[in-house]
Amino acid sequence: MTLEQDFYKYLISGIFVASDHPIGFLEAGWPSGDHSAEVVVRSRDFDDISLAEQLVSPQSCAFEPLPGLVLKVDGGAEITIYRSRRIADRDVDIFLLGSAWGVLCHQRGLFPLHCSAVACGGDAYAFVARSGGGKSTLAASLSLFGLGHVCDDVAIADTCWRSGVRICGMPKGLKLWQESAEWLGLETRAPVTSDANIAKYYVDPPSGPNVETLDLKAIYVLEFAEHSARPRIHELNESTALKEIYRNVYRVEWLGAIGGAGRVLSQAKSIAGSLPVFRFSRSRDLQALHDSSSFLAEHIRMNSLRSCDAKPGTTA
């Protein structure tokens, strides 16, 4: 794609992106070598979009997350930002690398899993949950136990890899509610949104960011139990695992409009049949976070040791 000289260049989940909109929490630049843009992001004035352009189809999807902001995704290759002057850059970023990128992934036939993930032994372990289920807080807490940070919110899963399933985390930045960040002793940076009523901030994971593609070895479905309940983990059967994976596909509720439900179900089946899926139940109370994180970290390390034993020519 031919681009203007002043486009910012980003590598997002292995996809080369050129954007005239600077994405605040991403470091600009492509790796050295001969590359061309696979996705182009352009900004336009909000008044330039017509109602006819907002029709939804499998190859074109427009949505208005805020008054004065429309994002239009076309053919898995272009994202157009229509914004009024009152829309802050940080609010654009949330939806650009959120719902718009999720739609783009579906248009490209990719599998965006709504998850947070950590690394152990060179492999990835993902957590899925309903909104507010504590994925980010748990991933941040596990980082304090020496596990690497892979992603917060979304990872792109490759189900066609010869050795199983691999994931590449979306570089969206680790976001925590102020109370959780303070409890974990992590310094907050920029607020996630310009909405002063939402006390959520970007924080730096203790282990630093991870941009590698890793083998996915297990998925944990998070749930909160009674206040005093001890943490518990049990493995799900394949049928239940499939349901949990499918319901945690990023923007799965949009598939009826943009298409791809059959493809996504097939990919979810492949994942459910390739790795263990566990249900992890723990207390919602932040005072119990240390104990539940320690319990899960030990379970992940035991899985990592078994994974190492299963690899020819490797040692734990």
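## Leu26 in its loop

Leu26 is found in the loop between strand 2 and strand 3, the latter spanning residues 39-45. The model described here is predicted. Is Leu26 buried or exposed? Its relative accessibility is 15%, so Leu26 counts as buried. The cut-off for that label is under 20%.

Which residues does Leu26 touch, once those up to four places away in sequence are set aside? They are Tyr10, Ile12, Leu97 and Pro171. Val70 is another matter of distance. Leu26 and Val70 are 44 residues apart in sequence, and their C-alpha atoms are 21 Å apart in space.

## Phe63 in strand 4

Phe63 sits in strand 4, which covers residues 60-66. Its relative accessibility is 10%, so Phe63 counts as buried.

Now take Ala261. Phe63 and Ala261 are 198 residues apart in sequence. In space, their C-alpha atoms are 19 Å apart.

## Two residues with positive phi

Ser13 is not a glycine, yet its phi is positive, near 50 degrees. Where is Ser13 found? It is in the loop between strand 1 (8-12) and strand 2 (15-19). With 14% relative accessibility, Ser13 counts as buried.

Asp153 is not a glycine either, and its phi is positive at about 95 degrees. Asp153 lies in the loop between strand 10 (148-151) and strand 11 (154-158). Its relative accessible area is 17%, so Asp153 is buried.

## Gly169 in strand 12

Gly169 lies in strand 12, residues 166-169. At 9% relative accessibility, Gly169 counts as buried.

Ser13 returns here. Gly169 and Ser116 are 53 residues apart in sequence and 8.4 Å apart in space, C-alpha to C-alpha.

## Helix 4 meets helix 6

Helix 4 spans residues 238-247, and helix 6 spans residues 261-272. Their axes come within 9 Å and cross at roughly 130 degrees. That angle makes helix 4 oblique to helix 6. The crossing is right-handed.

Which residues meet? From helix 4 come Glu238, Ala241, Leu242, Ile245 and Tyr246. From helix 6 come Ala261, Val264, Leu265, Ala268, Lys269, Ile271 and Ala272. The residues of this contact divide into 10 nonpolar, 2 charged and no polar.

## The buried side of helix 4

Which residues in helix 4 are buried? They are Ala241, Leu242, Glu244 and Ile245. Why do they count as being on the same side of helix 4? They cover an arc of only 170 degrees around the axis, and that puts them on the same side. An α-helix has 3.6 residues a turn, so residues three or four places apart point the same way.

What covers these buried residues? The cover includes helix 6 and strand 7 (111-114). It also includes strand 16 (213-224) and strand 18 (277-282).

Note on methods:
Residues are numbered from 1 along each chain as its sequence is written. This is a predicted model: local features need pLDDT of at least 70, side-chain atom pairs count only at pLDDT 80 or more; totals for chains, interfaces and linings use all residues. Side-chain values use heavy atoms; hydrogens and water are left out. Axes are lines fitted to C-alpha atoms, for helices over the stretch in contact, and angles run from 0 to 180 degrees between N-to-C directions. Helices (H or I, at least four residues) and strands (E, at least two) are DSSP runs, numbered from the N terminus. Angles under 35 degrees count as roughly parallel, over 145 as roughly antiparallel, 65 to 115 as roughly perpendicular and the rest as oblique. A crossing is left-handed if the near helix is turned anticlockwise from the far one by less than a right angle, and right-handed if clockwise. Contact means heavy atoms within 4.5 Å. Ala, Val, Leu, Ile, Met, Phe, Trp, Tyr, Cys and Pro count as nonpolar, Asp, Glu, Lys and Arg as charged, and the others, Gly among them, as polar. Buried means under 20% relative accessible area, exposed over 50%, partly exposed in between (1.4 Å probe, protein chains only). The arc is that of the directions from the helix axis to the C-beta atoms.
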